[in-house]
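Hi everyone, thanks for coming. Let's have a look at this one together, and I'll talk you through what I found.

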Amino acid sequence: MSSNDKVMSANATTCYTLKTFYDCVRSRPFNQPFILRYSDGSLDKGLNSEEAAKESLRTHDNPYLKQPVVIEW
């Protein structure tokens, strides 16, 4: 994996590809709700599943991750 795929901090990951996005969603702590932070500054809080993450991407007109997304937990 190249360094351009994601940037990590203690509890947040910036994902630039769908693969890293879904890897992060799937590998977060068990049953841990998460937040998606979009490049426009908007947040979706309290997400708790891969399906909720997909719906959030669709809602923000970013279903194919054209813009990076930060996952926080």
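Let me start with a question: where is the place of Asp 61? Asp 61 sits in the loop between α2 and β5 (69–72). Before going on, a word on the model: it is predicted, with local features needing pLDDT of at least 70 and side-chain atom pairs counting only at pLDDT 80 or more, while totals for chains, interfaces and linings use all residues. Residues are numbered from 1 along each chain as its sequence is written, and side-chain values use heavy atoms, leaving out hydrogens and water.

Back to Asp 61, then. Its phi is near 55°, a positive value in a residue other than glycine. Most residues other than glycine have a negative phi. Asp 61 is also exposed, at a relative accessible area of 66%; exposed means over 50%, buried under 20%, and partly exposed in between, with a 1.4 Å probe and protein chains only. Asn 31 is another non-glycine residue with a positive phi, of about 60°. You'll find Asn 31 in the loop between α1 and β3 (34–38), and Asn 31 is exposed, with a relative accessible area of 60%.

Now the overall layout. There are two helices and five strands, where helices (H or I, at least four residues) and strands (E, at least two) are DSSP runs numbered from the N terminus. The order from the N terminus is β-β-α-β-β-α-β. Buried residues account for 32% of the 73 residues.

On to the helix pair. The axes of α1 (residues 18–27) and α2 (residues 50–59) come within 10 Å and cross at roughly 140°; these axes are lines fitted to C-alpha atoms over the stretch in contact, with angles from 0 to 180 degrees between N-to-C directions. That makes α1 oblique to α2, since under 35 degrees counts as roughly parallel, over 145 as roughly antiparallel, 65 to 115 as roughly perpendicular and the rest as oblique. Among the residues in contact (heavy atoms within 4.5 Å), Phe 21 and Val 25 belong to the α1 side, and Ala 53 and Leu 57 to the α2 side.
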